[in-house]
Amino acid sequence: MTTKEVKEDACQKQATLEEEEKYHCFQAYFYKILDKIWSILPNSLGVLVATILIFLAGTTMRGDWLLILVYFIKQFGNNSSKNEEDNSSILETEGFSMVNYRLQNVHFYVLLSAIISYGYYFVLCGFLQWYFYIRQRDCPEKWKCQPKKFLSWKDEKHEIILGSICMGIGATISGVIACYIMNGGYSALYFDFTQYGWLYYFLSAPLLFIYMDMAAYYFHRMYHLPYLYKHFHKWHHRYKQPTAFSASAIHPFEFVNYQVLLALPMFFVPIHWSVYISVLSYIFYYGILDHSGIKLEAIWPWQPNSMFHDDHHQFFHCNFGFNLTLWDKLHGTYRIKSRIYNENTFYGYGKSTKDANKEELEEHENVRANERSLLKED
């Protein structure tokens, strides 16, 4: 390197250090406030508060809280007759108008969705970050999926910026859909519990859950094909030790695809709004937990623990499912500890130790040694 390049490199490093110091100063101020609040709460109440906050983070980070509010208003607001009147008046409107598309006042819905979503995103994900990564950083073996590894400051900043962009996109999509439905737009979701009978109502919940998880598995696995992975999904796998902020840190194109996938049942399948919102909230709630990097056992027999998806980030091309292990076990993509997985071994099956090179074998042995030591500590 020339003298000029050395100086430029030194200046860049200094600027990075100053930026990191400012970031940590802000963190310290915010977390100091949380420390004071938390010290007042009894332990049992603290656990309850943490659970509620995680749930809120899951339902708000993409703006879905607004959909919940809209459907709640439509269920209990007795505005069906008003919607019918609105529909007839819309048909009489000529020329281009937001009213024609049932999007009057859409700016209000999008702005409200974005403001609340961003507020919840930073406060609630910041809370999780503080509760574990700051408050319990000295004992990671007690709570962390990968206790010997932490996300670098650079990657932490990257996931927050990318996650914020995607969350803005999600809040916009939710705002538009909420506005459309509130103004009488078409939706396959229904409001009368007895419209399709109670049996259909109760069966629709597990069926919708299975559809969403199955669709997410195949969608996710598709994005692990070499071309799609290298150009899109690799952005998300930059975070080998994910945190709550990683949940929405995805390539924007992929993020929109996923949002469309989740929204499809809303327009094509008759489902009661409470079932749709409940299943969606469940998926987003565990989406936060699975990306938190925190060792958490699932309370439901079908739900894998958080290590399942954390392993996906650590080993890349395996464990493609989210809320069920069924699809991975069915297709042979469930991680087998005796096989080797890395970023360049695609399709979810790993490779045999017989086919691995010396470097891969050494890495595999280190991983297995760490896993065995963690089992002993547990």
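Biologist: Which pattern does the protein follow when read along the sequence?

Modeller: This is a predicted model: local features need pLDDT of at least 70, side-chain atom pairs count only at pLDDT 80 or more, and totals for chains, interfaces and linings use all residues. Residues are numbered from 1 along each chain as its sequence is written, and side-chain values use heavy atoms, with hydrogens and water left out. Helices (DSSP runs of H or I, at least four residues) and strands (DSSP runs of E, at least two) are numbered from the N terminus. The pattern is α-α-α-α-α-α-α-α-α-α-α-α-α.

Biologist: What percentage of the residues count as buried?

Modeller: Buried means under 20% relative accessible area; exposed is over 50%, and partly exposed lies in between (1.4 Å probe, protein chains only). The protein has 378 residues, and the buried share is 49%.

Biologist: Is Q146 buried or exposed?

Modeller: Q146 sits in the loop between α5 (106-134) and α6 (153-182). Its relative accessibility is 6%, so Q146 counts as buried.

Biologist: Which residue joins its side chain to that of Q146 in a polar contact?

Modeller: A polar contact is a pair of N or O atoms within 3.5 Å; within protein, one must be able to donate a hydrogen and the other to accept it, and residues adjacent in sequence count only if both atoms are side-chain atoms. The side chain of Q146 also has a polar atom 2.9 Å from the backbone oxygen of K240. Contact in general means heavy atoms within 4.5 Å, and beyond four places in sequence Q146 touches K240, Q241, P242, D310 and Q314. The side-chain partner, at 2.8 Å, is D310.

Biologist: Are α6 and α9 roughly parallel or roughly antiparallel?

Modeller: Axes are lines fitted to C-alpha atoms, for helices over the stretch in contact, and angles run from 0 to 180 degrees between N-to-C directions. Angles under 35 degrees count as roughly parallel, over 145 as roughly antiparallel, 65 to 115 as roughly perpendicular and the rest as oblique. The axes of α6 and α9 come within 10 Å and cross at roughly 25 degrees. The pair is therefore roughly parallel.

Biologist: How do the residues of the α6 and α9 contact divide by type?

Modeller: α6 brings residues including L162, I165 and I169, while α9 brings residues including F255, V256 and M266. Ala, Val, Leu, Ile, Met, Phe, Trp, Tyr, Cys and Pro count as nonpolar, Asp, Glu, Lys and Arg as charged, and the others, Gly among them, as polar. The contact divides into 13 nonpolar, two polar and no charged.

Biologist: Are α7 and α9 roughly parallel or roughly antiparallel?

Modeller: Helix α7 (residues 198-222) packs on α9 with axes 10 Å apart and an angle of about 155 degrees. That angle makes the two roughly antiparallel.

Biologist: Which residues of α7 meet α9?

Modeller: Residues of α9 on this contact include E254, Y258 and L262. By type, the contact divides into eleven nonpolar, one polar and one charged. The α7 residues are L208, Y211, M212, A215, A216 and F219.

Biologist: At what angle do α9 and α10 pack?

Modeller: α9 spans residues 252-268 and α10 spans residues 273-290, with axes 10 Å apart. α9 is roughly antiparallel to α10. Their contact includes Y258 and L262 of α9 and L280 and F284 of α10. The angle is about 160 degrees.
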